[in-house]
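Work through the exercises below with the structure in view. Each task is followed by a solution in steps.

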Amino acid sequence: MNSKKSSKKGPDVRVILYSGKGGVGKTTVSAATGLRTAELGRKTVLISTDQAHSLSDILEVELSGSPTKVAPGLDALEIDLDLELRNYWGEIQNYVSAFFRGQGFEELVAEEFAILPGLEELFSLLKLNQLVREKEYEVVIIDCAPTGNTIRMLSFPDMIRWYMDKFYPRDRMLFKLLRPLAEKISKVPMPNDELISSAEVLYQEVLEAAKILTNPAMASVRLVANPEKIVLRETERALTYLCLYGYSVDGVIVNRVLQDSQGNEALKSWQAVQNAYLERTRSYFYPLPVLVQPLNFGEILGIPSLRKVAHTLFGEKDPARVMYNGQPIGIKRVNGGYTLSIKLPAARREEIELWRKGDELVLKYQGVKRNIFLPRTLAALVMQEAEFGEQTLRLSFQKKEEK
Ligand SMILES: Nc1ncnc2c1ncn2[C@@H]1O[C@H](COP(=O)(O)OP(=O)(O)OP(=O)(O)O)[C@@H](O)[C@H]1O
Ligand SMILES: [Mg+2]
């Protein structure tokens, strides 16, 4: 059935995820993007994965767990955990409850435990698969929960792969034979065949979602930020993580940029601070495009206001296009160590100063200082060589004892 549906329309679905720190404007920008892609004639669906759903408030349209029409060519839905739990989770939830009961937890606590952290993320991935498979929409826009949860969602496939490798009974025959014995010596119930098959299906689904999300032609992540120190620091970290997990980031949106100080001195100095952050952002995230959304004096609510946001951000361009194709930061495993490559606007190696500061790498070039957060895998290693060519700085990291 799926293959028939797949051939219904031409090219693959385009998936855009908006991520960023809490309150920066992800939902606003997601909704604006969706309105514009729909206006350009691409059937679009907006998905809110955050349980503190504000998409319906911002659009001023009542939404539910299934797609609701918002504008011509645009539908939206808010992932409903209860609904998804009932649809997918029954079998596994029963097991998890039984597992915790076996460990001596009371009934109610066991039930609570069975609503595992990360479920929101898991269901978002499953929903994404379903929408991509059905090909009902040409553009899928995901309004993510704040950064931490997005990273958790995007690292979910890696995590589940790890669990499956560790705990998944590879030899099911052997597992069947051992089960009665295992059940005798352990109070913890063993998973039955049905459960194993549903876990298997779930696992395949998560891998499928990872395949979609790490395909740069299909999916892009866009980081939304404000011109403020703390927000930008979190956005910089998010970029490293996303690159590490192999996701393509194709742009940064700096929202709430003061455009007109109207002769007011206080606003003028605030504007100067913001401009400095904006410059820094352009240099830090090079070569990613940085789009700017002005600060609006007042909330942005309802479809007409959101259309204006889209117009300022994208002008006449298609917001669903891949805005940048490449990896601003790349991490590769090489000879037992890693190579970290960073794109830089500098022209020569001599222009770049670099040093380590704890788990950060500090780069200085063209008067800009850039602190790059190193993921844990790299922070524990020794930085050995640095070479620069084709606007890319390549650093090799090796284990200490390997001399
Ligand atoms: N450019 C702007 N100027 C003024 N207000 C804005 C701007 N962008 C967003 N807002 C307002 O800021 C608030 C938060 O925006 P939004 O809900 O889009 O952020 P978010 O990143 O999705 O937040 P959360 O992390 O809570 O999901 C809303 O009231 C919105 O109207
Ligand atoms: Mg939001």
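**Exercise 1.** Which residue stands opposite Val 139 in E5?

Solution. The model is a predicted one. Strand E2, residues 44-48, and E5 pair in the parallel sense over five bridges. Within this pairing, Thr 44 stands opposite Val 139. E5 also pairs with strand E1, residues 14-20, again in the parallel sense and over five bridges. There, Leu 17 stands opposite Ile 142 of E5.

**Exercise 2.** Decide how far strand E5 is covered, and on which faces.

Solution. Start with the count: E5 spans residues 139-143, and five of its five residues are buried. Next, recall that side chains in a regular strand alternate between the two faces of the sheet. One side of E5 carries Val 139, Ile 141 and Asp 143, and the other carries Val 140 and Ile 142. These residues are all buried, so both faces are covered, where buried means that 20 or more other C-beta atoms lie within 10 Å of the residue's own.

**Exercise 3.** Describe the surroundings of ligand 1.

Solution. First, 18 residues surround ligand 1, and the closest are Gly 25, Lys 26, Thr 27, Thr 28 and Asn 296. Helix H2 (26-39) and strand E7 (249-257) are the elements that give two or more residues to this shell. The largest share, three residues, comes from H2. By class, the shell has four nonpolar, 10 polar and four charged residues.

**Exercise 4.** What is the strand order of the open sheet of four strands?

Solution. The order is E9-E10-E15-E14, with antiparallel pairing. E9 (329-334) and E14 (382-389) are the edge strands, each pairing on one side only. E10 and E15 pair over six bridges, and Leu 340 has Leu 395 in E15 as its bridge partner.

Key:
Residues numbered from 1 in each chain as written. Chains lettered and ligands numbered in written order. Predicted model: local features only at pLDDT ≥ 70, side-chain atom pairs only at ≥ 80, totals over all residues. Pairing = 2+ DSSP bridges. Near = placed C-beta within 6 Å. Nonpolar A, V, L, I, M, F, W, Y, C, P; charged D, E, K, R; others polar. Buried ≥ 20, exposed ≤ 12 C-beta atoms within 10 Å, placed from the backbone.
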